[in-house]
Amino acid sequence: MFTTIRQEMERELIFVNVFETIIEYKSGYLSGVGTTVSLSLLGVLVGVILGIVLVLMRISSIKPLRWISVTYIEVFRGTPLLVQLFIVYFGLSEYGISTSMFGAGLIAVSMNSAAYLAEIFRAGIQGVDRGQAEAARSLGMGRAMTFRHIVMPQAFRSVLPAIGNEFVTIIKETSIVSVIGLADLMFETNIIRSKTYTALAPLLGAAFFYFIMTFTLSKGIVALERKLNKDDRN
Amino acid sequence: MIETRELHKSFGKNEILKGIDLRIDKGEVVVIIGPSGSGKSTLLRCLNLLEVPTAGDVVFEGEVINRKKHNMNKTREKMGMVFQSFNLFPHMTVLENITISPIKVKKMNKEEANAIAMDLLQKVGLADKAASYPSQLSGGQKQRIAIARALAMQPHVMLFDEPTSALDPEMVGEVLGVMKGLAESGMTMAIVTHEMGFAREVGDRIIFMDGGVIVEQGSPEQIFGSPQHERTKDFLGKVL
């Protein structure tokens with residue numbers, strides 16, 4: 001009888017409840033946040049580097065490189081991240097290639113995001129007016145120098161919002177690594193669920209932490225955009 | 001100084017240049033005129049290989065430059081180009097626009113490059129705009145900066161591709177003024193333009209192109225005073 005009333009009160013005071021859950025299990029949440037943040041940051045870093053390699057291959061004049069890049073991009077965009085993760089973690093271990101959970105998560109997340117980032121970069125590069133490269137070449141700059149000093153800075157600036165979106169997506173999608181047992185924010189949340197025998201409050205707590213991460217990031221990107229756009233474009 | 005021999009250029013099946021033999025001597029100001037689509041811009045862009053000729057040779061300072069093994073970047077350092085659409089780098093200040101190539105390509109130190117740039121800005125009358133970004137400038141100012149940027153590489157020849165066509169009428173004068181000063185200083189120049197008055201005043205030689213060939217060439221007096229070909233007369237009748 002008393003428990004029933006108490007449960008009802010708890011349901012009505014769900015926000016108090018979420019708050020209490022966060023306070024009580026903050027070490028669990030924070031350790032999960034730590035894993036999620038490091039996985040996302042490293043994933044983005046590797047993804048950006050790999051994405052740049054892919055886009056350079058994609059726009060190169062050597063056809064086989066273009067084909068490899070296009071195939072990679074299509075395959076990784078056309079299959080679920082979950083499948084890619086399972087292939088890396090479970091599939092490859094059958095052939096003696098075993099990785100840690102974090103390693104598998106990092107490989108899957110960065111290879112997946114590289115495909116999306118490469119397409120974003122390509123749109124940016126193609127959006128830079130041809131006259132810019134022509135002017136640079138006419139001043140004696142080589143292809144690489146033109147790309148590095150003239151095309152890339154302008155392309156980067158124009159695709160910054162899209163890159164920001166992709167980073168936010170990566171943070172959210174890393175939650176999928178909890179299914180292979182990597183102790184990220186989602187995995188810790190499931191532990192809290194089983195400890196408290198409740199679902200809503202721990203999950204809202206998880207949503208709160210994810211939101212803090214993505215919100216901070218998008219605000220950071222907006223600030224960076226503003227900084228870069230000080231000098232307007234013609 | 002620059003010479004083209006039997007120069008042909010096609011885009012797909014569309015032949016734009018049909019065998020151009022042109023010679024520009026040191027210190028000469030050559031103005032190329034003709035109707036739109038006559039191939040004059042393409043010819044100019046072939047001179048520094050922004051367009052690669054389909055057949056024929058481009059010779060610069062005694063060297064055939066349209067060969068695969070030729071280092072075109074080195075040659076382009078000596079050929080300044082000014083575009084219709086300015087093509088200033090929007091992410092750099094005026095000063096950086098002018099100094100990037102001397103610093104990165106010629107490995108000049110920054111102080112020296114800045115000094116040269118400021119001197120050039122003085123000459124084009126825009127020393128006070130060194131710290132501005134291109135978006136803060138008018139069209140005429142942008143084009144004068146573009147000229148200064150090309151000059152910073154200390155080129156042996158300057159190519160102008162319709163430098164005033166994108167400008168509001170009241171700004172044409174300031175750009176032509178800078179070009180005139182440059183011509184008087186002895187710079188070798190090849191200019192594609194629709195400004196007939198300017199062509200007449202500044203040109204040492206006028207070249208009239210139509211349909212991918214040089215129809216007629218000669219001194220400004222000859223071309224504007226007594227054109228020989230029907231097509232030249234027809235064109236000048238329309239634009240003068």
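What volume does the largest pocket have? In this predicted model, in which local features need pLDDT of at least 70, side-chain atom pairs count only at pLDDT 80 or more, and totals for chains, interfaces and linings use all residues, the answer is about 1,100 Å³. Residues are numbered from 1 along each chain as its sequence is written, chains are lettered from A and ligands numbered from 1 in the order in which they are written, and side-chain values use heavy atoms, leaving out hydrogens and water.

A pocket here is an open set of points on a 1 Å grid over the protein atoms alone, where a 1.4 Å probe fits, with protein on both sides within 12 Å along at least five of seven lines; its lining residues have an atom within 4 Å of a point. The volume is the space filled by probe spheres set on the points, which are joined across faces, edges and corners. Among the 27 lining residues of the largest pocket, A:Ala133, A:Glu134, A:Arg137, A:Arg143 and A:Thr146 are the closest to its centre. Both chains take part: α3 (26-59), α6 (101-127), α7 (130-138) and α8 (143-173) of chain A, together with α2 (72-77) of chain B, each give at least two residues to the lining. The largest share, five residues, belongs to α8(A).

Turning to the interior, a nonpolar core is a set of buried Ala, Val, Leu, Ile, Met, Phe, Trp, Tyr and Cys residues joined through side-chain atoms within 4.5 Å, where buried means under 20% relative accessible area, exposed over 50% and partly exposed in between (1.4 Å probe, protein chains only). The largest such core has 48 residues, and those touching the most other members are B:Ile33, B:Leu121, B:Ile147, B:Met158, B:Phe160, B:Met179 and B:Met189. A second, separate core of 39 residues includes A:Ala136, B:Ile20, B:Met79 and B:Met153.

Aromatic rings give another view. Rings of Phe, Tyr and Trp (its six-membered ring) pair if their centres lie within 6.5 Å, with planes under 30 degrees apart counted as stacked, over 60 as edge-to-face and the rest as tilted. Seven such pairs occur over all chains. With ring centres 4.9 Å apart and planes at 35°, A:Tyr29 and A:Phe209 form a tilted pair. A:Tyr29 is buried at 0% relative accessibility, and A:Phe209 is buried too, at 13%. By contrast, the edge-to-face pair of A:Phe86 and A:Phe90 (5.0 Å between centres, 85° between planes) has partners that are partly exposed, A:Phe86 at 33% and A:Phe90 at 40%.

Definitions and conventions
Helix = DSSP H or I, 4+ residues; strand = E, 2+ residues; numbered from the N terminus.
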